Amino acid sequence: MTSAAIIETRNLSYSYPGGISALSGVNLDIGQGEFVAIIGSNGSGKTTLVKQFNGLLKPSKGRVTVDGMDTRSTRVSELSRIVGFVFQNPDHQIFAYSVWEEAAFGLKLQKLDAESVERQTSEALQAVSLNDLRDRHPRALSRGQRQRLATASILALRTPVLVLDEPTTGQDFLSRRQIMELAVDLHAEGRTVLMVTHDMALAAEYATRVIVMQDGAAVCDASPKEVFGREEILKATGLDLPPAAKIARGLREYGFSDTPLTQAELVENLITAIRG
């Protein structure tokens, strides 16, 4: 952890209507400035967990605090000033009649002056390469562009915590890289980044901490190197190794004693093995 916790969960449990249990006894501290990947199979509780962080869902039992505020007694509008949430499906949060209006909407709710709204909106759209389309109707955009627009609308708010739910879904390689490099830049500025993902390569390359969810519980919480080095956890949760680690595993007899998690680490290991 890099600093004091900005998000805390204590004995957090949540059940959907009908009694379907989605979270059970989750205890986590998320520090300001961390880059955390939350992974797990479908139905493991990943998205249910992060929706607790901005009050979209409230605990059935236990407690969640965000920047010292108890989410049970705090309005979503207040929590959204701390935690920005980019949904997996961009159509769940897009409703305006132009790209610019969509990205500027949250700033207008905060009653910022016109100059600040223009500046922050333009900077956010520029960051996701949509400023040239500012007058276009959002429904005329591709799905990947709409995902980037949803990201821009949250970036414009400059919240200290950013939650990305499957951020690269529907993106081509270049857009995928652009979004993740943007997340890296925001992390470097001191923001907390929480990323829900099924992409093990993404978690391995970008996160500094990985939380593994299974049946509504956090069953492993460690560095990427530790998590992906625990084969019993991956097997029990139905998760796979990142591609680089999977290739390296097949080359153990040639001197791969360490598990590379990224392409760069794999290449470095290959060069060492060839030279050795």
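Not counting residues up to four places away in sequence, threonine 9 touches Val26, Asn27, Leu28, Phe53, Arg63 and Val64, where contact means heavy atoms within 4.5 Å. The model is predicted, and local features need pLDDT of at least 70, side-chain atom pairs count only at pLDDT 80 or more, and totals for chains, interfaces and linings use all residues. Residues are numbered from 1 along each chain as its sequence is written, and side-chain values use heavy atoms, with hydrogens and water left out.

**Threonine 9**

- Threonine 9 has its place in strand β1, residues 5–16, with helices (H or I, at least four residues) and strands (E, at least two) taken as DSSP runs numbered from the N terminus.
- With a relative accessibility of 1%, threonine 9 counts as buried (buried means under 20% relative accessible area, exposed over 50%, partly exposed in between, with a 1.4 Å probe and protein chains only).
- A polar atom of the threonine 9 side chain lies 2.9 Å from the backbone oxygen of valine 26, and the side chain of threonine 9 also reaches the backbone nitrogen of leucine 28 at 2.9 Å.

**The sheet**

- An open sheet is formed by 4 strands in the order β2-β1-β4-β5, with antiparallel pairing; two strands pair if DSSP finds at least two bridges between them.
- Because β2 (20–31) and β5 (69–70) stand at the edges, each with a single partner strand, one side of each is left without a neighbour in the sheet.
- Strand β1 is joined to strand β4 (residues 61–66) by 5 bridges, the two running antiparallel, and arginine 10 has arginine 63 in β4 as its bridge partner.

**Nonpolar cores**

- The largest nonpolar core has 51 residues, and those with the most contacts inside it are Phe35, Ile39, Leu125, Leu149, Met180, Val212 and Phe228; a nonpolar core is a set of buried Ala, Val, Leu, Ile, Met, Phe, Trp, Tyr and Cys residues joined through side-chain atoms within 4.5 Å.
- This core lies between domain 1 (1–82 + 159–237) and domain 2 (95–158), because both give residues to it; the domain bounds come from an automatic or database domain assignment.
- Leaving aside neighbours within four places in sequence, phenylalanine 228 is in contact with Ile39, Met200, Ala203, Ala204, Leu234, Asp240, Leu241, Pro242 and Leu261.
- A second, separate core of 28 residues includes Leu28, Ile30, Ile38 and Leu57.

**Glycine 106**

- Glycine 106 is found in helix α3, residues 99–109, and is buried, with a relative accessible area of 19%.

Terms used
Polar contact = N/O pair within 3.5 Å; in protein donor to acceptor, adjacent residues only side chain to side chain.
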